[in-house]
Amino acid sequence: MLGEDEGSLIPAATTATDVDAGRVLVVRPALTLAQRRHKYHYTTPPKPGWRAWIRGRARAWCWCSRRRVWGAVVALLPVLGWLPRYNPRKALFGDLISGATVGVMHIPQGMAYALLAGVPPVTGLYMAFFPVLVYVILGTSPHISMGTFAIGCLMMGKVVGELATNNPGIVSPTFSNVTLEILDNTTPFLLVSSTPAPHESHYTPQEVGAVLALAVGMWEVSLAVAQLGELFGLFLSDMLISGFTTGVAIHVLMTQVKYLFGLTIPRYNGPFKIFYTGRDVAAKLMSANPAAMVVSFSSILVLLITNELLKPRAKKYTKIPIPIELLAVVVGTGGSYLVNLEHNYDVRVVGDIPTGLPSPSLPPIELLPRVAVDAFFIGLVGYTTTFSMAKIFAKRQGYTVDATQELYAQGMSNMFGSFFSCGPMAASLSRSLIQEAVGGATLLTALISCVFIIIVLLFIGPLFETLPNCVLSSIILVSLKGLFMQFQDLFTLWAVSHLDALIWAITFTVCVIVDIDYGLMAGMGGSLLVLLARSQRPPTARLGHVPHTDVYLDIAKYQLAVEVAGVSIFQFGGALHFANAEYFRSKLLSVSGVDLDALKTARMELQEQPDGSHTTKQPLTPDPEETTASRGPVTNSETQETLDVELQQTPADRELPDAELHQAQGDRETMDTELQQTPADRDTTNLTSTFLTLPTVEWVVVEMSGVTYVDTTGAKMLTHLHKELRNVGITLCLAAVPERVQESLARCGTLDVITRDLLFHSTHDAVTVITHTQLHLPPMSATHL
């Protein structure tokens, strides 16, 4: 038993209280798995048959009570849970302030993001009203603000540009022989004149946006019914979302440049559209509208100064943020009306904003097959960002959100909104942060914001008809600051993991150069490849023993860890399956320094010797100091079994005892005589002497605490590897095998070959038993931790 100091011994009678408080004395027998099961009375957990499983499920599903029914109803309609318990004294004031603030933010953001989506500005206000009504009933997060969001609107704009047949100003780079015409001074778009095909249907941008919202809602509801809420959010990693949203920000910037500079250029769709847009901007930059530039840069300057300087200072005195976006819209509208920017300076304005609410209508369902793929990706991005924000707020405020219910709520909201000309909606990060910071406590906040929206739709909407588009573009551009700052994520990821940084770079590059949907697919594909690569090549290590402890560490990283004589310890840190079984085998042989081919050849040569020959097996006994001081990888000459006629070795080369030295010298003289003989003389010689050098590695211990799963291919590989090593005199042992992995190995028949006596509770148990077997040490393992 080891003592207080690493090199001292504690008497057997010493108790644990006599040891320093920072150390623990552990005395127990070294255990194989068979001994552990017997000693500690292992019992196999009962597994019900399929009949019992079906009965249990049926009983759980069909059991009915009043409480169970009410719980199911509340789970589907969460409003029935929080509304009866609503406390006006605690929550009403915060909900009123938060709802009013978010409602004010909805007005400029809704109009601006509708412009981004290629639909009339009033559509953004519809998206902030109709779907939100449904989310109040079905949603579980009181702190996220649903409505328009920049990424979804940009992705929606791509689909609108491709399918809207009377959406002027949007062309495909692959089109040819098109002419561009200015409709009139009040129309801020371009017309693509082309001859439509006979019997071709025509769809307005609102119709395309509505059917897209319907398709997104159908995807989300279907996945909610299949209980795939959590799985739906696993498609996108943090680095993928960061790279994707940064690439989207570049596209948003390029789509808004024409409004910021007052340029008249078409809006392209399809791969590499950013280059076509950049080409047109560069060609027409010298003909930019000075008035639009002045309004744009003045708005950007005011917004930046307020957001970066005034708002942080105002937070010290009030939670209510300065509604600078709404002020910019009001001032821009008033200034445009007074100066008549549209007619006097040719500055594009929002134009007609109808009053009242739209009548419900069925979207063109014949477009569903054409928008299905885009709808899936928009729903994926929208739900992932929404639920991520919901989880952040839930953790911060101390409540829980249901992933499946959130998916169901968002899907139903999109489906309902599609009947009122709404596009796909999701949560906005900026509005959600304000809603939580101002004091919103329940979903009543969303209802209060809807009141502000309905007032604008019914009464105030026409007042914003003279609002310059460049003001809305300025609001969009300033709101992208956080996305542009995500470029820093690339350097952070590079410092942590080159592969994670590669995912970010691939997603961003393809998103910018090709298109946003291609970037998302490339990012998902890159993430899958990285996941497969990491699964196929888990970390491995060659472990050494830290003297006087039960600690085994990577000898390449820890200088105090030394090899155990005759034992090679290999650590594998991942699941063992068909994709990495060969990798496991090659790494184990490489780390152990075992060359199976050379060992098999040596044995074959030994067996082919003539009858009557005399073979002497000489074990290799390395210097213990050299063994413990060894730091580099074991070479074949140190570990493999070779057949060697030792002619050049001198006594100084092998520090043997005197008796063995005289015997070796006599054997060497005999070999020298044999070499001088002719083949005929050798045939008549009755005795030949050879030496077989045994390997220093006689045991290979596989540390499997990090192996979480073994499939059939991995189990078969272990069986075959055990047989190969056994044939050359090396024994394969397994240590720290998880129970689940043991069950898999037993089902695959591996434990019929690698018996349970070769499976150990831990690496230290394996080394203790092995060294006891070789050196006849006491069977007890005492470790001083």
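Mentor: With the numbering. Helices and strands are DSSP runs, counted from the N terminus. Keep in mind that this is a predicted model.

Trainee: Which helices and strand each supply at least two residues of the lining of the largest cavity?

Mentor: Helix 8 (150-163), helix 11 (238-261), strand 6 (267-268) and helix 12 (273-284). Helix 11 gives the largest share, four residues.

Trainee: How many residues line the largest cavity, and which lie nearest its centre?

Mentor: The lining has 15 residues. Nearest the centre are Thr255, Arg267, Tyr268, Lys273 and Thr277. By class, the lining splits into six nonpolar, five polar and four charged residues.

Trainee: What is the volume of the largest cavity?

Mentor: About 160 Å³. The search of the whole structure turns up nine cavities of 30 Å³ or more.

Trainee: Now helix packing. What describes two packed helices?

Mentor: The angle between their axes, and the distance between the axes. Take helix 16 (residues 368-397) and helix 24 (residues 516-536): their axes come within 11 Å and cross at roughly 65°. Angles of 65 to 115 degrees count as roughly perpendicular, so helix 16 is roughly perpendicular to helix 24.

Trainee: Is the crossing of helix 16 and helix 24 left-handed or right-handed?

Mentor: Left-handed. Helix 16 makes the contact through Asp374, Phe377, Leu380 and Val381. Helix 24 brings Asp517, Leu520, Met521 and Met524.

Trainee: How do the residues of that contact divide by class?

Mentor: Six are nonpolar, none polar and two charged.

How values were computed: Residues are numbered from 1 along each chain as its sequence is written. This is a predicted model: local features need pLDDT of at least 70, side-chain atom pairs count only at pLDDT 80 or more; totals for chains, interfaces and linings use all residues. Side-chain values use heavy atoms; hydrogens and water are left out. On a 1 Å grid over the protein atoms alone, a cavity is a set of points where a 1.4 Å probe fits but cannot get out, and a pocket is an open set with protein on both sides within 12 Å along at least five of seven lines; lining residues have an atom within 4 Å of a point. Grid points are joined across faces, edges and corners, and a volume is the space filled by probe spheres set on the points. Ala, Val, Leu, Ile, Met, Phe, Trp, Tyr, Cys and Pro count as nonpolar, Asp, Glu, Lys and Arg as charged, and the others, Gly among them, as polar. Axes are lines fitted to C-alpha atoms, for helices over the stretch in contact, and angles run from 0 to 180 degrees between N-to-C directions. Angles under 35 degrees count as roughly parallel, over 145 as roughly antiparallel, 65 to 115 as roughly perpendicular and the rest as oblique. A crossing is left-handed if the near helix is turned anticlockwise from the far one by less than a right angle, and right-handed if clockwise. Contact means heavy atoms within 4.5 Å.
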